[in-house]
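Here's a quick tour for anyone meeting this protein for the first time. Have a look at the fold, then read on.

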Amino acid sequence: MARLSRLRWPGLLVASCLLALAVTPVQAVKTIESVRLHRAPDHTRVVFDLPKRVDHTLDKLTDPHRIVVDLEQAELDFDVDRLDIADSPINRIRVGRHENHTTRVVFDLNKAVRPRTNVLKPVDPHGWRLVVDLHDEEKKPVKSMAGAETEEGHRAMVVAIDPGHGGEDPGAIGHSGTHEKRVVLDIGQRLRKLMEDEPGIEPVMIRDGDYYVPLAERRKIAQERHKADVFISIHADAFGNPQAHGASVFALSNSGATSARAKYLARMANESDRVAGVAQSEQNNNGLLGVLADMTMSGSMTHSIYLGKRILRQMDQITELHGDRDEVEQAGFAVLKEPSMVSVLVETGFISNREEERKLTSPDYQYRMARSILEGTKSYFERHPKPGTLFAARRNNDTDQYEIQRGDTLSGIARQYSVSPQKLRAANDIDGDVIRPGQTLRIP
Ligand SMILES: [Zn+2]
């Protein structure tokens, strides 16, 4: 402000400033010093970090395709050539200064896009942001893994791997600056590779780059696009106490959180959409109560805990478990609210703990962590195979028996194996519905 005034009215600097303050509230020119670009499979997100709210206009031009964004009373002190436009529809970004301190940003495009802008209020770790989303017009055909058959002709179990956070949402940040979004993507990609080599398991990635996927969208991609049987969300969060350490596994809760930490982590995880800048209207948070009822009904709540326990048992062999507990914790994680899938959230360690931050960035630890999630998942599939899958076929070859776990019900087991409760009772000489953990049932 002062510098520009001096250019215009040399010698009258003080007077003009006072006049400006007294008569019209002349806006100070804001300097934008940081711009980010995230390429997602179906859109490109450009984010301007604003020192304060900035007014803007957007124009869409064709022939050739261009998007023009005018930033009012703002200057850009950032070299846009540093942005990685690979795989995006952007050919080039140009910046020009116009009258009235307007900065014009032109995106030269190689195809049409549907643009949308959004000014976001500050939310930790961000200040004000202007988000420019360029949605691809033509949708890429999406490969679906649903119903993938194994060589033996039996269906594979589809596992959705969901590295948490991404793009504008870094997740937790460690003392050395490690971003959670980065290490969980590394671990997720290692897990995918391991699962690809595993007969009977078909992995699909919910996020496979540095971009954000809204929480509700993550469940939808897994369930609708891929017909996933299992959903595994991967995190490495922070806690106030830097001593806190150890891995843990969470499932959705039907009666409040099992600990203060579980409640805290769920609250932080559910903030992701706001941090990433997802419009309120898209934060589809369908009623939790209905989902919980469905999950309880379909048995996926119980099965989420079985799966979690199997993973904990494996993780226990490569790292410490948080609080030395091999119990699955529960809280209201939005990303797990999908009744038709067995869903867990794996905390691979605390990024807020210096020692664990170091481990989480090491390829060796990442590999062992991924391996333990794979082994836990496999051991769950072996114990609770879904009918028609390779795991079920293998089990049938071995034995037609099922060992009752705590929390099982006769009708739940009958449903799992697609037999009627009557047949199950008859095959095992049971009269009522009482079954004991540890008891072995013959499956007709
Ligand atoms: Zn997280």
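What covers the buried residues of H4? The cover includes strand S11 (157-163), strand S13 (230-235) and helix H6 (272-276).

## Before we go on

This is a predicted model: local features need pLDDT of at least 70, side-chain atom pairs count only at pLDDT 80 or more, and totals for chains, interfaces and linings use all residues. Residues are numbered from 1 along each chain as its sequence is written.

## The overall picture

The protein's secondary structure comes to 13 helices and 18 strands (DSSP runs numbered from the N terminus: helices are H or I, at least four residues; strands are E, at least two). Of its 444 residues, 39% are buried, meaning 20 or more other C-beta atoms, placed from the backbone, lie within 10 Å of a residue's own.

## Helix H4

Back to H4, which spans residues 215-225. Its buried residues are Leu215, Arg218, Arg219, Ile221 and Ala222. Seen down the axis of H4, they fall within an arc of 155° (taken from the directions from the helix axis to the C-beta atoms), so they line one face of the helix. After H4 comes Lys227, with a positive phi near 50°.

Leaving out residues up to four places away in sequence, Val230 touches Met157, Val159, Ala160, Leu307, Met341, Val342 and Thr377.

Note on methods: Two residues are in contact if their C-beta atoms, placed from the backbone, lie within 7 Å. A residue is buried if 20 or more other C-beta atoms lie within 10 Å of its own, exposed if 12 or fewer, and partly exposed in between; C-beta atoms are placed from the backbone.
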